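Please look over the sequence and the model shown here before reading the report.

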Amino acid sequence: MRLGSDVDSFSATWQRSYASLDVLPEDEVCHFRIVVERQLGARRWYRPQVVFRIEGLTPFDPYPLDHAFPMFEWGLNWCIAMSAHDYLMLHSAVVERDGCAVVLPAQPGSGKSTLCAALVGRGWRLLSDEFGILRHADGCFLPLPRAAPLKNASIPLLRDFAPHLGFGPRYAKTRKGDVVHMFPPGDSLQRQADPARPRFIVFPRYEPGAALQLQEQPPEVAMTRLVNNSFNYRVSGALGFRSLCRLVRECASYQLINGDLSEAVAAVESLVQAREP
Amino acid sequence: MNTLIAVLRNPDCARELSPSQWEALLGEGRRSRMLARLHHLLAHEVPDLDLPVAVRDMLSGHARYVAHMHVLVRSELRGLGKLAAQVEYPVILLKGAAYLMAELPFAAGRGLSDIDVLVPRHALPDFEQRLRDVGWEFDPNLTAYDNQYYRQWSHELPPLRHSDCSLELDVHHNLIQVTSRSALDVAPVIERSERVAGTPFYVLAPTDRVLHSALHLMMSDELRGGIRDLYDIHVACLHGAERDANFWPDLLAHGRALGLLRPLYYCLSLAGDLFGLEPPDTVWHTVLAARPAYPVDRLMSTLMRWHLVPQVDQPWRVTAAEQLLYLRSHWIRMPPGLLLRHLVQKSGLMAS
């Protein structure tokens, strides 16, 4: 990606989030050329706004100027979702430790981002918070380490749980309420070209006050849930079917109902430890 | 020349592209909705070329998406086919759906988001009723003004949607707005339409396909991706001429009879400049006679070029050209009184 912007506060946040990335060499072709810039005209001074442009096109309505960073993150996700049909895209977080990736597919509001951020706080590598990008050729997940938006009550929870992580500014009253981004750790960014092989699928569901339940899911149930979880299962046709079959065959699948973040993290870690000889 | 046009004109030149030219190609391809088309063109013409990873990802990803849209269109056409088989009048597929059904070589990678059909005007109420009987519906939020606008002045019904289908269906009874300055007698076009073997559908004759695209390119107010339409015209001419020795004289005769030599002139002249299309001399001389007065010709050709071949470093030209072309598209489609009324209505000045 090549990115340009005339919004200083945005550039500063972006650089804090992605400081560890290498600069794309001049002779390498990028996927997207994106500009995040101030809206011209009267809106330059009165309630200033910011627009997201890709190749001169403006696919979305402007955002308020101080929400440039969440707009960029959302806009880049949109660009990827519209283009990456060579891969199966799952609405899931993916984290990895010791070569063993855990896929956390879930609908919004299920505590996926929170659990993912907490695991990253415990030293897991962040592959992605939102997009599980599954490569058909070998069944591996490609990393897409990005700032992970934490919402509302998750924000103080994560700050307590993993105070050493980098956090961005608070964005009040977005469409999803208050948002603070957890920045991707430098190590995850540095290893963004290393795919990971999935070993576990964990469908998280946060229920306030619930006791921890970790239930194994039969492959056919996991398969059905993943079909509904995918952004482009239909577009992928037979390739998507085969890749999901392979995924549920090669992974152990669980449903994880939890009311407490530490317990949920411990449950996921115990799964992986139990596997090790 | 811009990279997209250079590659469309001569795919072999993709071998020589620098990284920044590849990025320009991705940008131009995205703006004109031709990324999937580029995928097929390069895979076919320069199959041994190793594409940069990002280029391969983008082209192939978009091609996969378009292939999926084609599956949806085919499945929807199976449903519509049952309807088309029951009626006495021809149900004529237009544009993308026609290219797909008639298996024209340039259908591969051509994106489409709706299905366009043409039926004779007298058959419109019957066809509309049959569609509604099987679940096609108008947008429930359609305003009374928009509904009236479509039915009284437009050449199509308001767009139809079906709960089982993600595509929109546009039912036309003419190729051009009925209030246009150059009203078009569509009867001979319908008369010449051709049955697609093995299906209940008809498609336009190859000459009318070119004329329709030309009309669309020169009159549409939807300006994004004009280069794709012009490329369609270019390829349709090559394909038509290859299949039928009478293609060029027929194109001329049909264009003249329909009063469409002016848009045909603009398109052939642009396709000649940008893609190297060469109609036979006799045809070209006759089409040239339909050229407007010199200043108008110069202005139109400049505006179209600024719009079709946008110069990234001169965005004001693109904006200016597109705004003028947008105004022009309205000006030629409606008489002044109606245009004024339409603009007042759309500006919200007459809050109803």
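## Basis of the model

This is a predicted model, in which local features need pLDDT of at least 70 and side-chain atom pairs count only at pLDDT 80 or more, while totals for chains, interfaces and linings use all residues. Residues are numbered from 1 along each chain as its sequence is written, and chains are lettered from A and ligands numbered from 1 in the order in which they are written.

## Domains of chain A

Chain A is assigned domain 1 (1-83) and domain 2 (87-277), with bounds that come from an automatic or database domain assignment. The centres of these two domains, taken over C-alpha atoms, are separated by 25 Å.

Between them, 13 residues of domain 1 of chain A are in contact with 19 residues of domain 2 of chain A, contact meaning that the C-beta atoms of two residues, placed from the backbone, lie within 7 Å. On the side of domain 1 of chain A that touches domain 2 of chain A, α2(A) gives the most, with 6 residues.

## Contact between chains

The contact takes 15 residues from chain A and 17 residues from chain B.

## Nonpolar cores

The largest nonpolar core has 88 residues, and those with the most contacts inside it are Ile92(B), Ala214(B), Leu230(B) and Cys267(B). Such a core is a set of buried Ala, Val, Leu, Ile, Met, Phe, Trp, Tyr and Cys residues joined through C-beta atoms within 7 Å, where buried means that 20 or more other C-beta atoms lie within 10 Å of a residue's own.

A second, separate core of 65 residues includes Val102(A), Val180(A), Leu247(A) and Leu261(A).

How values were computed:
Helix = DSSP H or I, 4+ residues; strand = E, 2+ residues; numbered from the N terminus. Buried ≥ 20, exposed ≤ 12 C-beta atoms within 10 Å, placed from the backbone.
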